[in-house]
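Subject: Structure handover

Hello,

Here is the structure I promised to pass on. Please open it first, then read my notes below.

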Amino acid sequence: MKTSSNQKDQYWNPVVETLPPRKMRELQLKKFKRILEWAYERSKFHRKLYQEAGLEPGDIKSYEDVAKVPKVEKAMMRDIQRKDPFPYGDALCVPLEEVTEFRQTSGTTGTPVYQPDTWQDWEWWAEAWAYLLYAQGYRKTDKVFLPFGYNIFVAFWAGHYAAEKIGCEVIPGGVLDTEARILKIQELKANAMMATPTYVLGMADTAKKKLGIDPARDLTIRKITCAGEPGASIPSTKQRMEEVWGAKVYDHVGATEIGAWGFECTAQPGGLHINEALFLAQLEDIETGEIIEAPGRKGKIVITALDRIAQPCIRFDSKDVAEWSKDPCPCGRTFRIIQGGVVGRADDITKIKGVLIAPSAIEEVVHSIKGLSNEFEVIVTKKGDLDNITLKIEFLPEEEKNQEAILIQLKDQLRLKTNLGYNIEVHPYNSLPRYEVKAKRFKDLRKHA
Amino acid sequence: MSRGELRKIDTRIKTIKKAAQELKQLSGGIQAIDRNAERILASVKMLEINISDVRDLV
């Protein structure tokens, strides 16, 4: 393989990012066997899981055999937590004294899971983020602002370390409030930023309404990396962010238990690359468990972090729903692409009035309608045998005279894109909840009825 | 980058790894040596992931 100077500048590591798919599968199989053996030898949890399935690491001989390995569910990780060795339990594969990092999941779907990492794992986290930031055009000349609370959630911590690794100047926004963060971006002329889509839009609102600052005109942010929510892969939400900031917005997907496994590149192919050098992702049919290799069919992602050692992540059932793209990316990376990013979560996709729907489909419609604010809320209830969906919205103050036309457009688009009718409630501007990190806009109250 | 070039790089990675491991053996328990050598080894692992693991597949 020849590597041109152009390639060297385009990729963090052209050797693996342009590896032919067949070679990539060979690399992944080699690394999968290695991490499986590591966990089998060191973790009681993993050994028991595999022994009960009648499986030993030596049984994995081909790429297809990977699917024989039992999956790990988040609930299983919750069950072992707080047992010996405290607080992680017996999936820990290194002596406790080698753990240098503690993080926990956000608890969006239940009790938080604790995640230990060694320093080597932490280097690996930064390495995975370096791949994605480099693919999104981050270079050592960039000045990167991180407006998040540096705390027990992994959030953008590894983004900070990866930006440093690339050589960027990193400005930690930490405990500053939103106004102070905006003023610091302006003062230091930061040109890149990482945040959740909700916060990206919220910052722009604050800049305009409280500081009289137009982010696109008065600030210098020209690329934004999003994570934590699907918004940057929802076309209308992405467009809102790009317009208001005058910046390119890139999506990234990861999880505390897994790592930073997917990213959008500057070619923006309408989907996310999976970092196949560090992760082995399989798409599995939600009903049958069949492995999906062909494009155009949705499944959930079952994923392995191939090099993470303290608490290995092997065939983790992410519940993230996606489908393979049929097209290669113009960027030249051979890492496979999931079309449209993560389109939902297996435990979020729900049947309302007999129609299967992902909350992201409603967000796509609301954010495509000019005149509506960024905030909305969806509440599903049940009356007798009938499902009801209420959609709470806000009009932008300057659009109140156009309410009737906007409402007609909204109802039409909802019917067209989601096949459902909604009770629409209009709320005063700025009265719906605002979120700084992960927004909780979809509330299904039927389970509690 | 050719397989030959990758092998040369891999050889240097092994040299650094060996040197860092030797530093730990020679440290006499001095933490300033041990812990910094440990950090070097974590970085070396990233080089292995990026180059050594894929060396023979190119």
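Start with the contact between the two domains of chain A: 17 residues of domain 1 meet 13 residues of domain 2. Keep in mind that this is a predicted model. On the domain 1 side, α9 (197-211) and α11 (235-245) of chain A each supply at least two of the touching residues. By class, that side has 6 nonpolar, 9 polar and 2 charged residues. The domain assignment puts domain 1 of chain A at 1-347 and domain 2 at 350-448. Their centres, taken over C-alpha atoms, are 29 Å apart.

Next, the contact between the chains. Chain A brings 16 residues to it, and chain B brings 16 residues. On the chain A side, α2 (14-17), α3 (21-42) and α6 (119-135) each supply at least two residues. The most come from α6(A), with 5 residues. The chain A side divides into 7 nonpolar, 3 polar and 6 charged residues.

Now the cores. The largest nonpolar core has 111 residues. Those that touch the most other members are A:W129, A:V144, A:V200, A:I221, A:I224, A:F279 and A:I303. Here too α6(A) is worth a look: it gives the most to this core, with 11 residues. There is also a second, separate core of 12 residues, which includes A:I389, A:L391, A:F395 and A:Y422. As background, nonpolar side chains tend to be buried together in soluble globular proteins.

Leaving aside neighbours within four places in sequence, A:F279 is in contact with A:G259, A:W261, A:I274, A:I303, A:T304, A:A305 and A:L306.

Is A:A305 buried or exposed? A:A305 has 26 other C-beta atoms within 10 Å, and the cut-off for buried is 20 or more. So A:A305 is buried. Beyond four places in sequence, A:A305 is in contact with A:I258, A:G259, A:L278, A:F279 and A:C313. The C-alpha atoms of A:A305 and A:W261 are separated by 8.3 Å, with the two residues 44 apart along the chain.

A:H273 sits in strand β9 (residues 271-274) of chain A. A:H273 counts as buried because 25 C-beta neighbours lie inside 10 Å. Not counting residues up to four places away in sequence, A:H273 touches A:G262, A:F263, A:C265, A:C329, A:R333, A:F335 and A:I337. Look at A:F335 in that list. A:F335 is 62 residues from A:H273 along the chain, and their C-alpha atoms are separated by 5.7 Å.

Two helices to view together are α8 (residues 178-188) and α9 of chain A. Their axes come within 10 Å and cross at roughly 90 degrees. That makes α8(A) roughly perpendicular to α9(A). From α8(A), A:T178, A:E179 and A:I182 take part; from α9(A), A:M203, A:T206, A:A207, A:K210 and A:L211 do. By class, this contact has 4 nonpolar, 2 polar and 2 charged residues.

Then there is helix α7 (residues 157-166) of chain A. Why is α7(A) described as largely enclosed by the rest of the structure? Because 7 of its 10 residues are buried. These are A:W157, A:A158, A:G159, A:H160, A:A162, A:A163 and A:K165. The cover over them includes α6, β3 (143-146), β4 (169-172), β5 (192-195), β6 (223-226) and β8 (259-263) of chain A. Just after α7(A), A:G167 takes a positive phi of about 110 degrees.

Last, some backbone details.

- The peptide bond from A:D84 to A:P85 is cis, with omega near -15 degrees. A:P85 is in the loop between α5 (74-80) and β1 (99-104) of chain A.
- The peptide bond from A:F86 to A:P87 is cis, with omega near 0 degrees. A:P87 is also in the loop between α5 and β1 of chain A.
- A:Q268 is not a glycine, yet has a positive phi of about 40 degrees. A:Q268 is in the loop between β8 and β9 of chain A. With 16 C-beta neighbours inside 10 Å, A:Q268 counts as partly exposed.
- A:K353 is not a glycine, yet has a positive phi of about 50 degrees. A:K353 is in the loop between β16 (350-352) and β17 (355-357) of chain A. With 13 C-beta neighbours inside 10 Å, A:K353 counts as partly exposed.

Best wishes

How values were computed: Residues numbered from 1 in each chain as written. Chains lettered and ligands numbered in written order. Predicted model: local features only at pLDDT ≥ 70, side-chain atom pairs only at ≥ 80, totals over all residues. Domains from an automatic or database assignment. Contact = placed C-beta atoms within 7 Å. Helix = DSSP H or I, 4+ residues; strand = E, 2+ residues; numbered from the N terminus. Nonpolar A, V, L, I, M, F, W, Y, C, P; charged D, E, K, R; others polar. Axes fitted to C-alpha atoms, helices over the stretch in contact; angles between N-to-C directions. Parallel < 35°, antiparallel > 145°, perpendicular 65-115°, else oblique. Core = buried A, V, L, I, M, F, W, Y, C linked by C-beta atoms within 7 Å.
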